[in-house]
Amino acid sequence: MPLTKAESARLARRTGMAVEKFTWKNEQGILTLLNDDKTRACVFLLTDSSDTNAEGMCSVYDARPKGCKTYPYVLSKDDAAILDDGCPHKEQFPPPSDDDAATLLNLEERILRESQDD
Ligand code: SF4
């Protein structure tokens, strides 16, 4: 999950962890939440299983990044909001709106700008 620097700072304050302990920079230089080696899920997901359908709880729910709040809405290649195919619960969500697309585009723009500033 990509996140902004402000979101990573908030998570660091919330958890007491150094930002480097729960993020990495992907090939495009974008700050991204790390996955746990064992569960292959986000390091903040409380689960013992690597099964994507397994139960799990976010341990930083109140401080989770905006991308987590808007998930399973994601941007398609042509910048439309779509439901992520990888989400096992996507049928439970209504179709994304134009507002969802605008929110996701604003977030993406901010994250890309930050990655270019480094
Ligand atoms: S909602 Fe929580 S557990 Fe899920 S990706 Fe976001 S921070 Fe990680």
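Start at Tyr61, which sits in the loop between strand E4 (57-58) and helix H2 (66-70). The model is a predicted one. Is Tyr61 buried or exposed? Tyr61 has 10 C-beta neighbours inside 10 Å, so it counts as exposed. A residue needs 12 or fewer such neighbours to be called exposed. Tyr61 and Phe44 are 17 residues apart along the chain, and their C-alpha atoms are separated by 8.9 Å.

The largest nonpolar core has seven residues, and Phe44 is one of them. Which residues does Leu11 contact, leaving aside its neighbours within four places in sequence? They are Phe22, Val60 and Ala63. A second core is separate and has five residues, including Tyr73, Ala81, Leu104 and Leu107.

Now go to the start of the chain. Met1 lies in the segment before helix H1 (5-15). Met1 counts as partly exposed because it has 17 C-beta neighbours inside 10 Å. Buried would take 20 or more. Beyond its neighbours within four places in sequence, Met1 contacts Thr32, Leu33, Cys42, Pro65, Gly67 and Cys68. Asn35 is 34 residues from Met1 in sequence, yet the two C-alpha atoms are 9.2 Å apart.

Met1 also brings us to the ligand. Which residues are around the ligand? They are Met1, Leu33, Cys42, Phe44, Leu45, Cys58, Val60, Arg64 and Cys68. Several names return here. Val60 is a contact of Leu11, and Cys68 is a contact of Met1. By residue class, the shell holds eight nonpolar residues, one charged and no polar.

Step back to the whole chain. The protein chain has three helices and six strands. Read from the N terminus, the order is α-β-β-β-β-α-β-β-α. The radius of gyration is 14 Å, close to the 13 Å that the globule rule gives for 118 residues, so the chain is as compact as a globular protein of that length. Along the principal axes, the C-alpha atoms fill a box of roughly 40 × 35 × 25 Å. Buried residues account for 16% of the 118 residues. Consider contacts between residues at least 6 apart in sequence: 41% of them join residues at least 24 apart.

Methods:
Residues numbered from 1 in each chain as written. Predicted model: local features only at pLDDT ≥ 70, side-chain atom pairs only at ≥ 80, totals over all residues. Near = placed C-beta within 6 Å. Nonpolar A, V, L, I, M, F, W, Y, C, P; charged D, E, K, R; others polar. Helix = DSSP H or I, 4+ residues; strand = E, 2+ residues; numbered from the N terminus. Rg over C-alpha atoms; globule rule 2.2 N^0.38 Å. Contact = placed C-beta atoms within 7 Å. Core = buried A, V, L, I, M, F, W, Y, C linked by C-beta atoms within 7 Å.
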